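Welcome! Please take a moment with the sequence and the 3D view below, and then let us walk through the model together.

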Amino acid sequence: MAKIALITGVTGQDGSYLSEFLLAKGYEVHGIIRRSSVDYRERIAHLEGVPHFHLHYADMSDSMSLVKLVGKVQPDEIYNLAAQSHVQVSFDAPEFTADVDAVGVLRILEAVRTNHLEKSCRIYQASTSELYGKVEEVPQNENTPFHPYSPYAVAKLYGYWIIKEYREAYNMFCCSGILFNHESERRGETFVTRKITLAAARIAQGKQERLYLGNLDSLRDWGYAKDYVECMWLILQHDTPEDFVIATGVQHTVREFATLAFHHAGIELRWEGKGIDEKGIVESLSPALAQGKGVQIGDVVVAVSPDFYRPTDVVNLLGDPSKAKRELGWNPQSTTFEQLVELMVAHDMKKIAADDAAAEIRKVNLAEYLEKGVDK
Ligand code: NAP
Ligand code: F7E
(Lines give C-alpha, C1' and ligand atoms only; values in the text may rest on other atoms or scores of the structure.)
(Ligands and ions follow the chains in the order given, each with its own letter.)
Protein backbone atom coordinates (compact mmCIF):
# COMPACT_ATOMS: atom_id res chain seq x y z
CA MET A 1 0.00 0.00 0.00
CA ALA A 2 1.34 3.44 -0.92
CA LYS A 3 1.73 5.83 2.01
CA ILE A 4 -0.68 8.78 2.01
CA ALA A 5 0.59 12.31 2.61
CA LEU A 6 -1.47 15.45 3.08
CA ILE A 7 0.35 18.75 2.37
CA THR A 8 -1.02 22.10 3.45
CA GLY A 9 0.63 24.95 1.52
CA VAL A 10 1.04 22.71 -1.54
CA THR A 11 0.99 25.70 -3.93
CA GLY A 12 3.95 27.34 -2.16
CA GLN A 13 7.67 27.05 -2.85
CA ASP A 14 8.23 24.17 -0.42
CA GLY A 15 4.89 22.47 -1.09
CA SER A 16 5.70 22.13 -4.77
CA TYR A 17 9.15 20.60 -4.17
CA LEU A 18 7.84 18.33 -1.41
CA SER A 19 5.05 17.06 -3.68
CA GLU A 20 7.60 16.09 -6.34
CA PHE A 21 9.81 14.46 -3.71
CA LEU A 22 6.98 12.37 -2.18
CA LEU A 23 5.51 11.35 -5.55
CA ALA A 24 8.96 10.10 -6.56
CA LYS A 25 9.02 8.04 -3.33
CA GLY A 26 5.73 6.39 -4.35
CA TYR A 27 3.42 8.32 -2.02
CA GLU A 28 -0.17 9.24 -2.76
CA VAL A 29 -0.08 13.00 -2.31
CA HIS A 30 -3.05 15.17 -1.36
CA GLY A 31 -2.76 18.95 -1.21
CA ILE A 32 -4.92 21.75 0.15
CA ILE A 33 -5.72 24.65 -2.16
CA ARG A 34 -7.72 27.84 -1.64
CA ARG A 35 -10.22 29.43 -3.96
CA SER A 36 -8.74 32.44 -5.70
CA SER A 37 -9.90 34.66 -8.53
CA VAL A 38 -6.51 34.39 -10.21
CA ASP A 39 -4.31 31.46 -11.12
CA TYR A 40 -1.85 30.81 -8.32
CA ARG A 41 -1.02 27.19 -9.14
CA GLU A 42 1.98 27.92 -11.31
CA ARG A 43 4.38 25.95 -9.09
CA ILE A 44 2.32 22.74 -9.24
CA ALA A 45 0.78 23.10 -12.72
CA HIS A 46 3.10 20.36 -14.01
CA LEU A 47 1.77 17.93 -11.38
CA GLU A 48 -1.94 18.39 -12.02
CA GLY A 49 -3.28 15.27 -13.72
CA VAL A 50 -0.38 13.15 -12.45
CA PRO A 51 -1.79 9.91 -10.97
CA HIS A 52 -1.62 9.89 -7.15
CA PHE A 53 -1.64 13.71 -6.95
CA HIS A 54 -4.93 15.14 -5.67
CA LEU A 55 -6.02 18.66 -4.76
CA HIS A 56 -8.81 19.62 -2.34
CA TYR A 57 -10.33 22.93 -1.33
CA ALA A 58 -9.89 23.78 2.36
CA ASP A 59 -8.48 26.64 4.41
CA MET A 60 -6.31 26.86 7.51
CA SER A 61 -8.82 29.26 9.04
CA ASP A 62 -11.75 26.85 8.52
CA SER A 63 -11.72 24.01 11.11
CA MET A 64 -14.60 22.11 9.52
CA SER A 65 -12.89 21.96 6.15
CA LEU A 66 -9.76 20.53 7.79
CA VAL A 67 -11.65 17.98 9.92
CA LYS A 68 -13.60 16.75 6.89
CA LEU A 69 -10.53 16.56 4.68
CA VAL A 70 -8.35 14.70 7.21
CA GLY A 71 -11.26 12.23 7.69
CA LYS A 72 -11.61 11.73 3.94
CA VAL A 73 -7.90 11.40 3.11
CA GLN A 74 -6.86 9.38 6.24
CA PRO A 75 -3.22 10.50 5.89
CA ASP A 76 -0.22 8.61 7.26
CA GLU A 77 1.74 11.87 7.25
CA ILE A 78 0.72 15.53 7.32
CA TYR A 79 3.16 18.26 6.26
CA ASN A 80 1.80 21.53 7.62
CA LEU A 81 3.46 24.11 5.38
CA ALA A 82 0.56 26.56 4.95
CA ALA A 83 1.26 30.01 6.34
CA GLN A 84 1.17 33.72 5.75
CA SER A 85 4.92 33.42 5.37
CA HIS A 86 6.07 36.99 4.71
CA VAL A 87 7.61 38.62 7.81
CA GLN A 88 7.10 42.23 6.67
CA VAL A 89 3.46 41.51 5.71
CA SER A 90 2.86 40.14 9.22
CA PHE A 91 3.28 43.70 10.58
CA ASP A 92 0.41 44.83 8.29
CA ALA A 93 -1.82 41.77 8.79
CA PRO A 94 -0.96 40.49 12.30
CA GLU A 95 -4.37 39.00 13.15
CA PHE A 96 -4.63 37.03 9.90
CA THR A 97 -1.06 35.84 10.40
CA ALA A 98 -1.87 34.63 13.93
CA ASP A 99 -5.03 32.88 12.77
CA VAL A 100 -3.30 30.92 10.01
CA ASP A 101 0.23 30.47 11.39
CA ALA A 102 -0.66 29.87 15.07
CA VAL A 103 -4.25 28.67 15.46
CA GLY A 104 -4.03 26.91 12.08
CA VAL A 105 -1.52 24.46 13.61
CA LEU A 106 -3.93 23.73 16.46
CA ARG A 107 -6.71 23.11 13.92
CA ILE A 108 -4.59 20.51 12.13
CA LEU A 109 -3.75 18.74 15.40
CA GLU A 110 -7.40 18.72 16.45
CA ALA A 111 -8.52 17.50 13.02
CA VAL A 112 -6.22 14.49 13.50
CA ARG A 113 -7.58 13.83 17.01
CA THR A 114 -11.21 14.29 15.96
CA ASN A 115 -10.68 11.59 13.31
CA HIS A 116 -8.95 9.29 15.87
CA LEU A 117 -5.74 9.23 13.82
CA GLU A 118 -3.42 10.40 16.60
CA LYS A 119 -1.73 7.00 16.91
CA SER A 120 -1.12 6.50 13.19
CA CYS A 121 -0.67 9.94 11.60
CA ARG A 122 2.71 11.71 11.83
CA ILE A 123 2.76 15.51 11.59
CA TYR A 124 5.52 17.81 10.36
CA GLN A 125 5.27 21.48 11.38
CA ALA A 126 7.07 24.16 9.33
CA SER A 127 8.82 26.02 12.15
CA THR A 128 11.36 28.71 11.41
CA SER A 129 14.66 30.33 12.34
CA GLU A 130 12.61 33.50 12.88
CA LEU A 131 11.83 32.00 16.33
CA TYR A 132 15.41 32.98 17.35
CA GLY A 133 14.63 36.54 16.26
CA LYS A 134 16.65 39.00 18.35
CA VAL A 135 19.24 36.28 18.70
CA GLU A 136 20.59 35.26 22.07
CA GLU A 137 23.52 33.23 20.65
CA VAL A 138 25.28 32.61 17.34
CA PRO A 139 25.07 30.03 15.80
CA GLN A 140 21.60 28.82 16.76
CA ASN A 141 20.83 25.18 17.56
CA GLU A 142 17.89 23.20 19.00
CA ASN A 143 18.68 24.47 22.52
CA THR A 144 19.10 28.17 21.72
CA PRO A 145 16.45 30.27 23.52
CA PHE A 146 13.77 31.81 21.33
CA HIS A 147 13.21 35.56 21.09
CA PRO A 148 10.60 36.11 18.34
CA TYR A 149 10.82 39.57 16.80
CA SER A 150 7.78 39.98 14.48
CA PRO A 151 4.07 39.07 14.51
CA TYR A 152 4.99 36.22 12.14
CA ALA A 153 7.56 34.83 14.55
CA VAL A 154 5.25 35.15 17.55
CA ALA A 155 2.54 33.22 15.68
CA LYS A 156 5.07 30.55 14.66
CA LEU A 157 6.20 30.26 18.28
CA TYR A 158 2.66 29.22 19.25
CA GLY A 159 2.79 26.62 16.46
CA TYR A 160 6.09 25.29 17.79
CA TRP A 161 4.84 24.98 21.37
CA ILE A 162 1.44 23.48 20.53
CA ILE A 163 3.21 20.78 18.51
CA LYS A 164 5.46 20.04 21.50
CA GLU A 165 2.46 20.07 23.83
CA TYR A 166 0.44 17.56 21.79
CA ARG A 167 3.52 15.35 21.49
CA GLU A 168 3.77 15.18 25.29
CA ALA A 169 0.09 15.33 26.26
CA TYR A 170 -1.28 12.85 23.69
CA ASN A 171 1.86 10.96 22.71
CA MET A 172 1.46 12.08 19.09
CA PHE A 173 4.28 11.83 16.54
CA CYS A 174 4.47 15.53 15.72
CA CYS A 175 7.70 17.44 15.10
CA SER A 176 9.04 20.82 14.12
CA GLY A 177 11.65 21.41 11.48
CA ILE A 178 13.30 24.69 12.47
CA LEU A 179 14.25 25.67 8.95
CA PHE A 180 16.54 28.57 8.16
CA ASN A 181 15.91 30.62 5.00
CA HIS A 182 15.74 28.45 1.91
CA GLU A 183 15.39 29.85 -1.55
CA SER A 184 15.02 28.70 -5.13
CA GLU A 185 13.89 29.65 -8.60
CA ARG A 186 10.34 29.13 -7.21
CA ARG A 187 10.79 31.56 -4.29
CA GLY A 188 8.06 34.19 -3.87
CA GLU A 189 9.05 37.35 -5.74
CA THR A 190 8.98 39.72 -2.74
CA PHE A 191 11.46 37.78 -0.58
CA VAL A 192 14.82 39.48 -0.76
CA THR A 193 16.76 36.84 -2.73
CA ARG A 194 14.22 36.49 -5.53
CA LYS A 195 13.61 40.22 -5.61
CA ILE A 196 17.36 40.63 -6.21
CA THR A 197 17.77 37.89 -8.84
CA LEU A 198 14.76 39.12 -10.81
CA ALA A 199 15.96 42.74 -10.66
CA ALA A 200 19.53 41.80 -11.66
CA ALA A 201 18.11 39.98 -14.69
CA ARG A 202 15.82 42.90 -15.64
CA ILE A 203 18.60 45.48 -15.21
CA ALA A 204 21.01 43.39 -17.31
CA GLN A 205 18.35 43.19 -20.04
CA GLY A 206 17.53 46.90 -19.89
CA LYS A 207 14.03 46.40 -18.39
CA GLN A 208 14.63 48.09 -15.01
CA GLU A 209 16.87 50.93 -13.92
CA ARG A 210 17.28 50.43 -10.22
CA LEU A 211 16.59 47.99 -7.37
CA TYR A 212 15.48 49.37 -3.99
CA LEU A 213 16.27 47.31 -0.89
CA GLY A 214 16.05 47.72 2.89
CA ASN A 215 18.66 46.50 5.40
CA LEU A 216 21.74 45.44 3.41
CA ASP A 217 23.65 44.34 6.53
CA SER A 218 21.14 41.68 7.51
CA LEU A 219 22.79 38.25 7.78
CA ARG A 220 21.07 35.07 6.67
CA ASP A 221 21.90 31.38 6.42
CA TRP A 222 20.51 30.67 2.94
CA GLY A 223 20.03 27.13 1.61
CA TYR A 224 18.34 25.56 -1.42
CA ALA A 225 14.65 24.68 -0.92
CA LYS A 226 14.92 21.51 -3.00
CA ASP A 227 17.52 20.15 -0.54
CA TYR A 228 15.43 21.14 2.49
CA VAL A 229 12.21 19.26 1.64
CA GLU A 230 14.13 15.99 1.98
CA CYS A 231 14.68 16.88 5.64
CA MET A 232 10.97 17.33 6.25
CA TRP A 233 10.48 13.74 5.15
CA LEU A 234 13.54 12.45 7.08
CA ILE A 235 12.22 14.08 10.27
CA LEU A 236 8.99 12.05 9.97
CA GLN A 237 10.90 8.81 9.24
CA HIS A 238 13.02 9.17 12.41
CA ASP A 239 12.47 6.56 15.17
CA THR A 240 11.35 9.17 17.68
CA PRO A 241 9.47 12.46 17.26
CA GLU A 242 12.02 15.26 17.65
CA ASP A 243 12.68 18.82 16.50
CA PHE A 244 15.60 19.61 14.17
CA VAL A 245 17.47 22.71 13.02
CA ILE A 246 17.89 22.63 9.25
CA ALA A 247 20.50 25.09 7.95
CA THR A 248 23.73 25.25 5.95
CA GLY A 249 25.94 26.65 8.72
CA VAL A 250 27.15 29.44 6.39
CA GLN A 251 26.13 33.09 6.64
CA HIS A 252 26.07 36.01 4.18
CA THR A 253 24.71 39.56 4.13
CA VAL A 254 22.00 40.81 1.77
CA ARG A 255 24.74 42.98 0.18
CA GLU A 256 26.86 39.88 -0.55
CA PHE A 257 23.87 38.14 -2.11
CA ALA A 258 23.24 41.17 -4.36
CA THR A 259 26.92 41.48 -5.37
CA LEU A 260 27.05 37.84 -6.46
CA ALA A 261 23.66 37.94 -8.21
CA PHE A 262 24.65 41.00 -10.27
CA HIS A 263 27.98 39.31 -11.06
CA HIS A 264 26.13 36.34 -12.58
CA ALA A 265 24.00 38.78 -14.59
CA GLY A 266 27.21 40.32 -16.03
CA ILE A 267 27.42 43.39 -13.75
CA GLU A 268 30.23 43.98 -11.21
CA LEU A 269 29.14 46.26 -8.37
CA ARG A 270 31.03 48.51 -5.98
CA TRP A 271 29.34 49.86 -2.86
CA GLU A 272 29.52 53.48 -1.67
CA GLY A 273 27.93 55.29 1.28
CA LYS A 274 26.40 54.07 4.54
CA GLY A 275 22.89 53.21 5.77
CA ILE A 276 20.13 54.92 3.86
CA ASP A 277 22.71 56.58 1.56
CA GLU A 278 24.42 53.36 0.49
CA LYS A 279 24.43 52.66 -3.24
CA GLY A 280 25.46 49.81 -5.54
CA ILE A 281 27.27 51.31 -8.53
CA VAL A 282 28.28 49.57 -11.76
CA GLU A 283 32.07 49.10 -11.68
CA SER A 284 32.39 47.02 -14.85
CA LEU A 285 30.29 45.03 -17.31
CA SER A 286 30.65 41.69 -19.08
CA PRO A 287 31.75 42.04 -22.74
CA ALA A 288 28.17 41.29 -23.92
CA LEU A 289 26.64 44.02 -21.74
CA ALA A 290 29.46 46.52 -22.44
CA GLN A 291 28.46 46.55 -26.12
CA GLY A 292 24.78 47.26 -25.41
CA LYS A 293 22.86 50.50 -24.93
CA GLY A 294 21.33 49.51 -21.57
CA VAL A 295 23.13 49.58 -18.23
CA GLN A 296 26.35 51.64 -18.20
CA ILE A 297 29.47 51.84 -16.00
CA GLY A 298 28.82 54.35 -13.19
CA ASP A 299 25.01 53.76 -13.09
CA VAL A 300 23.48 53.45 -9.61
CA VAL A 301 21.60 50.15 -9.89
CA VAL A 302 20.96 49.48 -6.18
CA ALA A 303 19.72 52.00 -3.61
CA VAL A 304 18.23 51.82 -0.13
CA SER A 305 14.59 52.69 0.59
CA PRO A 306 13.22 52.95 4.14
CA ASP A 307 10.00 51.37 2.77
CA PHE A 308 11.74 48.02 3.15
CA TYR A 309 12.91 48.55 6.73
CA ARG A 310 10.94 46.58 9.31
CA PRO A 311 9.74 47.90 12.71
CA THR A 312 11.94 45.18 14.23
CA ASP A 313 14.36 43.23 12.04
CA VAL A 314 16.11 39.92 12.59
CA VAL A 315 19.71 40.52 11.57
CA ASN A 316 21.97 37.65 12.56
CA LEU A 317 20.74 34.17 11.65
CA LEU A 318 23.22 31.31 11.42
CA GLY A 319 22.11 27.73 11.99
CA ASP A 320 24.01 24.81 13.44
CA PRO A 321 22.76 21.73 11.57
CA SER A 322 24.93 19.22 13.54
CA LYS A 323 21.95 17.26 14.90
CA ALA A 324 20.36 16.86 11.43
CA LYS A 325 23.74 15.76 10.01
CA ARG A 326 24.29 13.26 12.81
CA GLU A 327 20.79 11.82 13.27
CA LEU A 328 19.21 12.22 9.84
CA GLY A 329 22.37 11.74 7.77
CA TRP A 330 21.58 14.96 5.91
CA ASN A 331 24.21 16.91 3.93
CA PRO A 332 23.62 20.66 4.50
CA GLN A 333 26.12 21.66 1.79
CA SER A 334 24.75 19.71 -1.17
CA THR A 335 23.96 23.04 -2.85
CA THR A 336 26.35 25.84 -1.85
CA PHE A 337 25.47 29.54 -1.52
CA GLU A 338 27.42 30.24 -4.72
CA GLN A 339 25.54 27.53 -6.64
CA LEU A 340 22.21 28.75 -5.25
CA VAL A 341 22.74 32.33 -6.43
CA GLU A 342 23.97 31.16 -9.82
CA LEU A 343 21.02 28.88 -10.46
CA MET A 344 18.49 31.52 -9.40
CA VAL A 345 20.03 34.17 -11.66
CA ALA A 346 20.30 31.76 -14.62
CA HIS A 347 16.60 30.94 -14.20
CA ASP A 348 15.54 34.57 -13.97
CA MET A 349 17.65 35.67 -16.94
CA LYS A 350 15.69 33.17 -19.05
CA LYS A 351 12.36 34.06 -17.43
CA ILE A 352 12.71 37.79 -18.08
CA ALA A 353 13.67 37.17 -21.71
CA ALA A 354 10.67 34.81 -22.13
CA ASP A 355 8.27 37.23 -20.37
CA ASP A 356 9.34 39.82 -22.89
CA ALA A 357 8.55 37.57 -25.82
CA ALA A 358 5.11 36.85 -24.30
CA ALA A 359 4.47 40.58 -23.74
CA GLU A 360 5.34 41.22 -27.40
CA ILE A 361 2.75 38.64 -28.51
CA ARG A 362 0.14 40.25 -26.21
CA LYS A 363 0.95 43.67 -27.72
CA VAL A 364 0.40 42.33 -31.25
CA ASN A 365 -2.85 40.61 -30.17
CA LEU A 366 -4.08 43.80 -28.50
CA ALA A 367 -3.25 45.86 -31.57
CA GLU A 368 -5.20 43.38 -33.74
CA TYR A 369 -8.14 43.45 -31.33
CA LEU A 370 -8.23 47.24 -31.27
CA GLU A 371 -8.10 47.33 -35.03
CA LYS A 372 -10.69 44.64 -35.72
CA GLY A 373 -12.98 45.06 -32.70
CA VAL A 374 -14.38 42.24 -30.62
CA ASP A 375 -17.21 40.95 -32.85
CA LYS A 376 -15.69 41.39 -36.27
P1 NAP B 1 5.07 30.20 0.58
O2 NAP B 1 5.72 29.99 -0.76
O3 NAP B 1 4.67 31.56 0.98
O4 NAP B 1 3.76 29.26 0.61
C5 NAP B 1 2.79 29.38 1.62
C6 NAP B 1 1.66 28.41 1.34
O7 NAP B 1 0.67 28.55 2.38
C8 NAP B 1 0.93 28.66 0.00
O9 NAP B 1 0.61 27.43 -0.58
C10 NAP B 1 -0.33 29.38 0.47
O11 NAP B 1 -1.42 29.19 -0.40
C12 NAP B 1 -0.61 28.63 1.76
N13 NAP B 1 -1.57 29.33 2.62
C14 NAP B 1 -1.47 30.57 3.15
N15 NAP B 1 -2.57 30.87 3.88
C16 NAP B 1 -3.38 29.78 3.80
C17 NAP B 1 -4.67 29.46 4.32
N18 NAP B 1 -5.36 30.33 5.07
N19 NAP B 1 -5.20 28.25 4.05
C20 NAP B 1 -4.54 27.36 3.26
N21 NAP B 1 -3.33 27.61 2.73
C22 NAP B 1 -2.76 28.80 2.99
O23 NAP B 1 5.97 29.60 1.73
P24 NAP B 1 7.23 28.61 1.66
O25 NAP B 1 8.46 29.40 1.48
O26 NAP B 1 6.93 27.47 0.76
O27 NAP B 1 7.28 28.10 3.18
C28 NAP B 1 6.54 26.96 3.60
C29 NAP B 1 6.37 26.99 5.11
O30 NAP B 1 7.64 27.00 5.74
C31 NAP B 1 5.65 28.22 5.65
O32 NAP B 1 4.90 27.79 6.77
C33 NAP B 1 6.75 29.14 6.08
O34 NAP B 1 6.29 30.01 7.10
C35 NAP B 1 7.76 28.14 6.58
N36 NAP B 1 9.16 28.53 6.49
C37 NAP B 1 9.69 28.96 5.32
C38 NAP B 1 11.04 29.25 5.24
C39 NAP B 1 11.67 29.69 3.94
O40 NAP B 1 12.78 30.20 3.98
N41 NAP B 1 11.03 29.48 2.80
C42 NAP B 1 11.85 29.06 6.36
C43 NAP B 1 11.28 28.60 7.54
C44 NAP B 1 9.94 28.31 7.58
P45 NAP B 1 -1.77 30.25 -1.60
O46 NAP B 1 -0.89 29.86 -2.73
O47 NAP B 1 -3.20 30.01 -1.82
O48 NAP B 1 -1.45 31.62 -1.06
O1 F7E C 1 14.17 38.97 4.31
C2 F7E C 1 16.19 42.03 4.53
C3 F7E C 1 15.07 41.85 5.53
O4 F7E C 1 11.87 38.71 3.39
C5 F7E C 1 15.51 38.61 4.63
C6 F7E C 1 10.46 33.70 5.16
O7 F7E C 1 10.51 32.59 4.30
O8 F7E C 1 12.66 33.27 5.99
C9 F7E C 1 11.86 34.25 5.35
O10 F7E C 1 11.78 35.43 6.15
C11 F7E C 1 16.27 39.80 5.17
C12 F7E C 1 15.53 40.59 6.25
O13 F7E C 1 13.07 36.74 4.48
C14 F7E C 1 14.78 43.74 1.66
O15 F7E C 1 14.97 42.99 6.39
C16 F7E C 1 16.54 43.91 2.92
O17 F7E C 1 16.41 40.93 7.28
O18 F7E C 1 13.80 37.48 2.28
P19 F7E C 1 13.18 37.99 3.52
P20 F7E C 1 12.85 36.60 6.06
O21 F7E C 1 12.24 37.80 6.65
O22 F7E C 1 14.15 36.14 6.62
C23 F7E C 1 12.20 32.86 7.29
C24 F7E C 1 13.13 31.79 7.80
C25 F7E C 1 10.77 32.48 7.31
O26 F7E C 1 10.34 31.67 8.12
C27 F7E C 1 9.84 33.31 6.48
O28 F7E C 1 8.64 32.58 6.21
O29 F7E C 1 16.47 40.71 4.09
N30 F7E C 1 15.83 42.85 3.38
N31 F7E C 1 15.92 44.47 1.87
C32 F7E C 1 14.73 42.70 2.61
N33 F7E C 1 13.73 41.81 2.65
C34 F7E C 1 12.74 41.92 1.71
N35 F7E C 1 11.75 41.00 1.70
N36 F7E C 1 12.75 42.92 0.78
C37 F7E C 1 13.75 43.86 0.71
O38 F7E C 1 13.74 44.74 -0.14
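By class, the shell around ligand 1 is made of 11 nonpolar, nine polar and five charged residues. Here Ala, Val, Leu, Ile, Met, Phe, Trp, Tyr, Cys and Pro count as nonpolar, Asp, Glu, Lys and Arg as charged, and the others, Gly among them, as polar. This is a predicted model, in which local features need pLDDT of at least 70 and side-chain atom pairs count only at pLDDT 80 or more, while totals for chains, interfaces and linings use all residues. Residues are numbered from 1 along each chain as its sequence is written, chains are lettered from A and ligands numbered from 1 in the order in which they are written, and side-chain values use heavy atoms, with hydrogens and water left out.

**Around ligand 1**

There are 25 residues around ligand 1, and those that come nearest are Thr11, Arg34, Ser85, Tyr152 and Lys156. A residue is near a molecule if one of its heavy atoms lies within 4 Å of it. Several polar contacts (pairs of N or O atoms within 3.5 Å) can be found in the table further down. Ligand 1 taken alone exposes 900 Å², and the protein buries 89% of that; such areas come from the Shrake-Rupley method with a 1.4 Å probe. Helix H1 (13-24), strand S5 (122-128) and H5 are the elements that give two or more residues to this shell. S5 gives the most, with three residues. Helices (H or I, at least four residues) and strands (E, at least two) are DSSP runs, numbered from the N terminus.

**Around ligand 2**

Which residues come nearest to ligand 2? Of the 23 residues around ligand 2, they are Ser85, Thr128, Tyr152, Ser218 and Arg310. By class, the shell around ligand 2 holds eight nonpolar, nine polar and six charged residues.

| Residue and atom | Ligand atom | Distance |
|---|---|---|
| Arg34, polar side-chain atom | ligand 1, oxygen | 2.7 Å |
| Ala83, backbone N or O atom | ligand 1, oxygen | 3.1 Å |
| Ser85, polar side-chain atom | ligand 1, oxygen | 2.6 Å |
| Ser85, polar backbone atom | ligand 2, oxygen | 2.7 Å |
| Asn181, polar side-chain atom | ligand 2, oxygen | 2.8 Å |
| Thr190, backbone N or O atom | ligand 2, nitrogen | 3.0 Å |

On its own, ligand 2 has 700 Å² of accessible area, and the protein covers 96% of it.

**How helices pack**

Helix H4 (residues 94-114) packs against helix H5 (residues 151-170) at an angle of about 15°, and their axes are 7 Å apart. That makes H4 roughly parallel to H5, a term for angles under 35 degrees. Axes are lines fitted to C-alpha atoms, for helices over the stretch in contact, and angles run from 0 to 180 degrees between N-to-C directions. The H4 and H5 crossing is right-handed, meaning that the near helix is turned clockwise from the far one by less than a right angle.

Helix H6 (residues 192-204) and helix H8 (residues 254-264) also pack together, at an angle of about 30° and with axes 9 Å apart. H6 is therefore roughly parallel to H8. Their crossing is right-handed.

**Two backbone details**

Val138 and Pro139 are joined by a cis peptide bond, with omega about -5°. Pro139 sits in the loop between S5 and H5. His52 is not a glycine, yet its phi is positive, at about 75°. Look for His52 in the loop between strand S2 (28-33) and strand S3 (53-57).

Note on methods:
A polar contact is a pair of N or O atoms within 3.5 Å; within protein, one must be able to donate a hydrogen and the other to accept it, and residues adjacent in sequence count only if both atoms are side-chain atoms. Angles under 35 degrees count as roughly parallel, over 145 as roughly antiparallel, 65 to 115 as roughly perpendicular and the rest as oblique.
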